[in-house]
Amino acid sequence: MKCKKCGAEIPAGYVYCSVCGNEVQLVPDYNLLDEDVLGSIIKGEAKTEGVSFGSRKKKRVNGFIWGGICVVLLSAVLTLFFVFREIQERHRNTYDYQYQTAEEHFLAGNFADAVLYYKQSLEFKPKDRKARERLLEIYLETEEDQAAVLVLQEFISENKKDKKSIQKLIDLYDKNKEYSKILSLCEEVKSVDTLEMFADYMVDQPKFSNISGTYSTPLTIELSSAKGYDIFYTTDGKDPVSDGTPYKEGIALEEGTTVIKAAARNEKGIYSEAVEAEYVIRYEPPKMPSVTPAGGVYAEPQMITIHVPSGCTAYYTWDGSEPTKGSFRYTGPLEMMPGNQVLSVALINSIGLKSSIYRVNYIYMP
């Protein structure tokens, strides 16, 4: 840099001229041409900024308009979406929708989904027969026996004469050998119309050859079944179904009291109800025999008759001794012997018990 006053060279960093002492001017000089050029540039930039600001303002307004339109459209779309969903949801929450959807799955063989929708349809109509019959059909097809039983029990509870449902329930019980449940079902729906449906499961009780009572003679009880079923019996008071002895021949009763319990069993293994009879065997000697004519004096010939009850045999003597099985056996009327005679008579029954002795004195004087 040179000093403007004296023209001397001023070293870098000096602020005063070392020759004349003039202060160094730090701001460089410029000419008018540079100033004009600079002014033109400033005005041009200002004009450009004005144009840019106007464009940005216009674009901002347009952006607000389009933004509003987008918001309105989005709101409309969302509103339509939620309205559609509400309508669809209301439609789903109807019996018709659930049942129709279940039918579609059923026909397509999608039983699991069909069961779900049939059950949902029943939430709207719990007693709907169509949906329950479809469920029953599926349960039977898929061998869900317990579920099928529950449906059939509902049907029968609603109508005791529903033969179709009764037969299906019988078949299910029979399949699983639940014969006691079949008999319970019979009691539940018992009527003239349905009784024949249980014929194969109703086992008649055995028959006894003798009724309950007291007997004084040996007794053998015969048991029989009208349809030839097996018979089981006990004589000790136990249950013939669980503890019975197979019946093969007559049951000889001993003296005393005997209770016979018996039950019949068919080819399905179903037992009848147990039946029982009580027998008292009390062996008693025969009553004293009666003889005619009465004792006394006779001048005309007489025939003596001893009256012998069934099951007994009469024995007699003429010498006053006690009759035994070794004495004379009575077989027919006796001729009265002349003189003074004592006829002694005793009865002996089939088990050997002997009656008291009947004695009569005849005096026959021809």
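**Basis of the entries.** I note that this is a predicted model, in which local features need pLDDT of at least 70 and side-chain atom pairs count only at pLDDT 80 or more, while totals for chains, interfaces and linings use all residues. Residues are numbered from 1 along each chain as its sequence is written, and side-chain values use heavy atoms, with hydrogens and water left out.

**Loops between helices.** I located Glu 143 in the loop between helix 4 (129-141) and helix 5 (145-158); helices (H or I, at least four residues) and strands (E, at least two) are DSSP runs, numbered from the N terminus. The phi of Glu 143 is near 60 degrees, a positive value in a residue other than glycine.

I then turned to Lys 177, which sits in the loop between helix 6 (163-175) and helix 7 (179-189). Its phi is also positive, near 55 degrees, and Lys 177 is not a glycine. I recorded Lys 177 as exposed because its relative accessible area is 61%.

**Leu 195.** I found Leu 195 in the loop between helix 7 and strand 1 (207-208). Leu 195 is partly exposed, because its relative accessible area is 39%. Leaving aside residues up to four places away in sequence, I saw that Leu 195 touches Cys 186 and Lys 190, where contact means heavy atoms within 4.5 Å.

**Helix 2.** I checked the span of helix 2 (residues 95-107): its 13 residues reach 18 Å from the first C-alpha to the last, close to the 18 Å expected at 1.5 Å a residue. The expected span is 1.5 Å times one less than the number of residues. Among the buried residues of helix 2 I listed Tyr 95, Tyr 99, Ala 102 and Phe 106. After helix 2 comes Gly 109, with a positive phi near 80 degrees.

I traced an open sheet of five strands in the order 11-17-16-13-14, with mixed pairing. Strand 11 and strand 14 (328-329) are the edges, each pairing on one side only; two strands pair if DSSP finds at least two bridges between them. Strand 11 runs parallel to strand 17 (residues 358-364), and three bridges join them. I noted that Tyr 298 has Tyr 364 of strand 17 as its bridge partner.

**A cis bond.** Finally, I found that the peptide bond from Thr 292 to Pro 293 is cis, with omega near 0 degrees. Pro 293 lies in the loop between strand 10 (290-292) and strand 11 (296-298).

Note on methods
Buried means under 20% relative accessible area, exposed over 50%, partly exposed in between (1.4 Å probe, protein chains only).
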